[in-house]
There are 2 protein chains.
Amino acid sequence: MAQKYVVIGGSAAGPKVASKIRRLDEQAEIIMIQKGKYLSMASCGYPYFVGGVFDDPGALIATPTGVARDPQFFSKVKNITALIETEAMSIDRTGKKLLVKNIPTGKEEEISYDKLVIATGASPVVPPIPGIDLDGIHTLQSMEDAVTLKDLVVSKKAKKAVIVGGGLIGIETCEAFQLAGIDTTVIEMQDQILPFLDWEMAKLVENHMCSKGVSVITGKGVTKFLGENGKLKGVEISSGEVISCDNAVISIGVKPNSSLALNAGLKVGDSKGIQVNRFMQTSDPFIYAAGDCTEVTNLITHNKQHFPMGDAANLQGRVVAQNVVRGNSEEYNGVIGTGICKVFDFTAGSTGLSQKIAEREGFQNIITAVHAAPDKPGFMGASPLIIKLIAAKSTGRFLGMQAVGTGDVSKRVAMAAMALHGRLCISEMVNLDLPYAPPFSPAIDNFIAAVHLLENKWQHQMNGISPVELKAKIDSGKAPFILDLRGPDEFEQMELGIGEVLIPLGALRSNLSKLPQNKDAEIVTYCKISLRGYEASCILRAHGYTNVSVLEGGIAAWPYPRKK
Amino acid sequence: MAQKYVVIGGSAAGPKVASKIRRLDEQAEIIMIQKGKYLSMASCGYPYFVGGVFDDPGALIATPTGVARDPQFFSKVKNITALIETEAMSIDRTGKKLLVKNIPTGKEEEISYDKLVIATGASPVVPPIPGIDLDGIHTLQSMEDAVTLKDLVVSKKAKKAVIVGGGLIGIETCEAFQLAGIDTTVIEMQDQILPFLDWEMAKLVENHMCSKGVSVITGKGVTKFLGENGKLKGVEISSGEVISCDNAVISIGVKPNSSLALNAGLKVGDSKGIQVNRFMQTSDPFIYAAGDCTEVTNLITHNKQHFPMGDAANLQGRVVAQNVVRGNSEEYNGVIGTGICKVFDFTAGSTGLSQKIAEREGFQNIITAVHAAPDKPGFMGASPLIIKLIAAKSTGRFLGMQAVGTGDVSKRVAMAAMALHGRLCISEMVNLDLPYAPPFSPAIDNFIAAVHLLENKWQHQMNGISPVELKAKIDSGKAPFILDLRGPDEFEQMELGIGEVLIPLGALRSNLSKLPQNKDAEIVTYCKISLRGYEASCILRAHGYTNVSVLEGGIAAWPYPRKK
């Protein structure tokens with residue numbers, strides 16, 4: 001007898017589950033329940049629609065050949081019944097029935113199932129701040145939200161906007177607004193934007209945003225939305241300062257839509273995501289779950305986490321379909337934690353653990369390296385790329401990577417993600433055989449060069465010092481002797497202004513007398529990217545200096561203001 | 001006592017060895033011997049210099065900050081003695097002395113060493129074809145070659161050129177010439193260009209080249225260079241045809257410069273590359289070798305091979321420096337065989353084994369998949385990308401990947417290379433956690449989608465047929481029933497014209513009567529990229545058809561002429 005599959009959710013995971021079930025079982029009855037009007041929305045594309053990369057909202061729900069993925073499409077092409085504007089109200093697990101309500105008519109009906117799939121997604125967290133209901137406060141979660149924000153941009157009604165929250169969606173929305181000529185301020189309660197990055201990497205992105213005219217306020221939360229006649233006029237932040245604005249977008253995160261599952265007695269984790277086993281099966285063997293409503297295993301920490309990402313949702317959907325049709329045969333083991341974000345001319349991405357997270361998760365003995373370099377030979381029109389690597393000191397096991405810059409970040413993060421999936425350690429990554437040609441990378445790819453740096457530190461061929469550590473020393477009045485190894489012309493153009501002494505690398509050996517004569521003196525070396533800084537540290541160590549560190553990433557990775 | 005290191009070779013591996021030795025040993029005496037005038041040339045950049053991506057030859061030998069890497073630079077900055085225009089004549093291994101000759105003066109001298117490093121590179125193979133000495137026949141191996149070819153381009157003296165050999169350098173040179181307005185013909189003796197690709201992938205690149213006005217002749221060799229007054233006028237090929245031209249570039253490969261090592265009694269392999277152990281040490285423990293003069297281990301086949309690549313040379317150089325200074329501590333295990341090439345708007349890359357090579361190397365039971373898709377969501381301005389994967393059928397072990405197209409090939413080849421380094425199998429690659437955002441990839445990255453296709457075939461959810469197989473069936477009069485699943489408007493725009501029947505996917509279930517009624521009939525389905533073709537094959541199989549195959553890659557990967 002034909003199996004009957006009911007899928008709750010029609011955005012990312014749901015349609016993937018339903019479509020893949022159809023490919024595996026032509027005879028099955030498949031019903032997909034969607035609360036909203038639209039199906040298969042490319043919701044990650046909303047900021048690009050708002051920002052004018054394209055103007056037809058239909059593109060967000062169209063197949064590559066331009067056919068709208070509406071109920072007729074699902075019926076005709078995939079023989080799937082898609083019920084839109086229909087809410088799943090409750091699950092009768094004993095009777096294997098789902099109660100649904102048609103939203104426009106209010107009519108309820110029961111739908112029986114052999115297997116049920118929950119793919120209810122996540123919803124934006126909207127904080128209970130005074131004034132939150134004022135006109136002009138938005139989220140960017142639905143097609144309707146996207147159309148509303150697009151209209152603000154196109155009509156030029158918005159002049160000054162605040163983005164509350166500096167995560168992925170906040171930053172993407174900020175870019176869209178600012179490029180559309182809206183004067184935009186990002187307010188982030190934490191001390192940095194883009195929480196998947198370490199502070200000093202996030203600061204480089206923030207600096208780039210500021211260079212594009214965006215205002216970024218970190219370490220302060222919104223305490224009140226201020227209005228006039230019900231219309232937003234500004235926000236008050238925790239310092240008491242008021243920032244005037246006519247529109248605001250709340251993007252402080254999303255929470256899993258797991259109440260339906262919870263009310264049905266299914267297990268929900270501490271993350272509030274629905275618990276699933278490695279087959280994406282819930283605590284009821286006839287019910288599976290996929291996408292933003294679930295929690296998944298982090299393959300590095302082995303902890304459960306909520307990981308609301310469109311790519312993971314799609315992959316989980318495929319696994320669920322295989323398992324509901326063929327019995328549990330396909331595993332979804334978890335995620336390593338990979339994300340990426342375009343920020344004006346920058347890209348910021350990460351995979352695995354940041355230093356901050358690694359330390360918080362109890363990886364005590366870690367080693368890091370920050371590497372800055374052009375992402376191609378100079379003659380090919382290279383762009384800067386800054387990479388941070390994190391590894392376990394005792395084993396050399398690779399734990400995580402971050403990259404920011406105008407160079408090809410996406411490729412290097414993808415490579416690092418593959419390395420984490422392959423559980424590689426440092427010594428397995430020093431001699432990678434990668435696709436090299438001048439249009440694509442330097443002869444030693446930036447990722448490998450970063451691994452070399454990490455290995456050099458690991459093998460005590462160099463000591464590194466982070467800009468944060470150096471700044472703290474300077475600020476506390478314990479500044480080391482700081483040595484800039486660039487040429488005078490370079491120094492003329494760009495200068496940190498932190499009390500450094502300029503000795504071009506080529507003149508170092510003959511100018512050792514200009515250094516502190518106490519061989520225990522702390523010396524920090526750098527140049528534009530700290531390659532010459534590294535060579536200088538080798539020379540100084542060979543001349544008996546015992547406390548020489550290289551400023552990692554050099555000027556290119558310096559997150560603080562420069563003298564010029 | 002200070003160690004004395006002598007490095008023979010000043011191009012890629014040599015300077016890397018010398019510079020890294022210096023960083024590890026400030027006291028060492030380091031002498032670098034270079035036959036030519038220039039040092040540290042970015043020789044992979046020659047085609048881009050010739051083609052006008054940049055015009056200053058100095059950029060090829062400059063540091064990122066624009067300083068020429070000449071003997072003064074090496075002396076001043078790195079305290080390395082670089083002897084240019086100096087040839088290494090012979091090695092006295094017993095006396096640990098190298099005999100060198102200054103080329104301009106003819107003066108010979110002996111240089112003693114504690115450790116010797118051979119990094120003599122490779123030379124172009126120049127075939128002994130009649131007329132080979134005519135004026136107008138070039139190679140592209142040296143700075144001087146690059147300047148000569150650049151002059152041909154800039155002066156517009158060359159009007160019609162022939163490139164002999166369709167490998168990496170040949171194709172890059174062809175692009176440079178054609179873009180400069182030179183009417184260019186590539187002649188390749190094998191039945192395809194770019195031998196690291198399988199035929200049908202190489203043919204897609206060839207088609208793209210032809211669309212740019214290049215002529216490509218495969219399966220025919222040059223038998224004679226024809227001249228007049230000592231000047232090249234044309235080439236005769238094995239079919240007897242004559243192609244007129246005023247200039248020709250020979251790029252049929254390179255051979256390792258291993259005679260110095262051979263004459264010194266060092267072991268040289270079947271590839272003619274110098275044999276080294278995993279520490280890059282030759283059969284003499286005081287002599288190491290690195291770069292294009294060596295042979296390396298292929299980590300997949302475990303065979304030795306000559307692998308003349310700039311990135312490998314640099315990595316080997318680093319390993320050699322570590323081992324000569326600190327004793328054998330760092331291993332260079334080998335290569336997986338990765339390469340990439342820009343070809344006009346296309347990129348073509350590969351890593352690991354091609355199907356052809358895998359079969360030749362005795363991997364009998366392999367499975368392949370060809371996947372075509374846009375490399376981003378359509379609304380972000382996607383470009384097509386065609387990926388071929390090769391895996392072992394019995395174990396699912398991943399063996400190789402090729403990618404071509406105008407999309408981001410470089411990222412996907414790099415990912416595949418990482419997968420090979422991590423020794424992943426299919427089941428470990430179906431749920432990769434990669435950096436997804438709309439500016440960078442589809443929600444399911446093309447590489448993962450290709451793995452899904454491979455898994456679908458592996459698990460017998462679909463059968464694939466390659467365009468080569470389908471064409472052979474058609475040509476032999478045994479054409480299957482061919483079904484195009486696209487819409488009528490798409491068919492109107494683009495049509496294979498191989499006897500196909502058009503039934504849009506959405507109409508398939510209600511038009512089964514139009515199919516052969518014999519359920520054993522061979523049916524081939526396709527669409528633009530064969531996703532709808534795949535869905536159709538699922539429907540047909542569910543309706544009892546037992547011999548349904550999907551044309552892999554669809555129209556996007558069809559290498560033969562189309563009706564329109």
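A polar contact is a pair of N or O atoms within 3.5 Å; within protein, one must be able to donate a hydrogen and the other to accept it, and residues adjacent in sequence count only if both atoms are side-chain atoms. Between chain B and chain A, 39 residue pairs, both at pLDDT 80 or more, are in such contact. This is a predicted model, in which local features need pLDDT of at least 70, side-chain atom pairs count only at pLDDT 80 or more, and totals for chains, interfaces and linings use all residues. Residues are numbered from 1 along each chain as its sequence is written, chains are lettered from A in the order in which they are written, and side-chain values use heavy atoms, with hydrogens and water left out.

**Interface between the chains**
- Contact (heavy atoms within 4.5 Å) joins 89 residues of chain B to 88 residues of chain A.
- The buried area, meaning the accessible area (1.4 Å probe) lost on being put together, summed over both parts, is about 7,400 Å², and carbon and sulfur atoms give 60% of this.
- On the side of chain B, Phe379(B), Met418(B) and Asp433(B) lose the most area to chain A, together 11% of what that side buries.

**Salt bridges**
- Between chain B and chain A the count is 10.
- Arg423(A) and Glu428(B) form a salt bridge through their side chains, at 3.4 Å from N to O.
- Within chain A, Asp55(A) pairs with Lys150(A) in a salt bridge whose closest N and O atoms are 2.4 Å apart.
- That pair links distant parts of the chain, 95 residues apart: Asp55(A) is in the loop between α2 (46-50) and α3 (71-78), and Lys150(A) is in helix α4 (residues 143-154).

- The same surface serves both copies, as 99% of the contact residues of chain B recur in chain A.

Terms used: Buried area = accessible area lost by both parts, 1.4 Å probe. Salt bridge = Lys/Arg side-chain N within 4 Å of Asp/Glu carboxyl O. Helix = DSSP H or I, 4+ residues; strand = E, 2+ residues; numbered from the N terminus.
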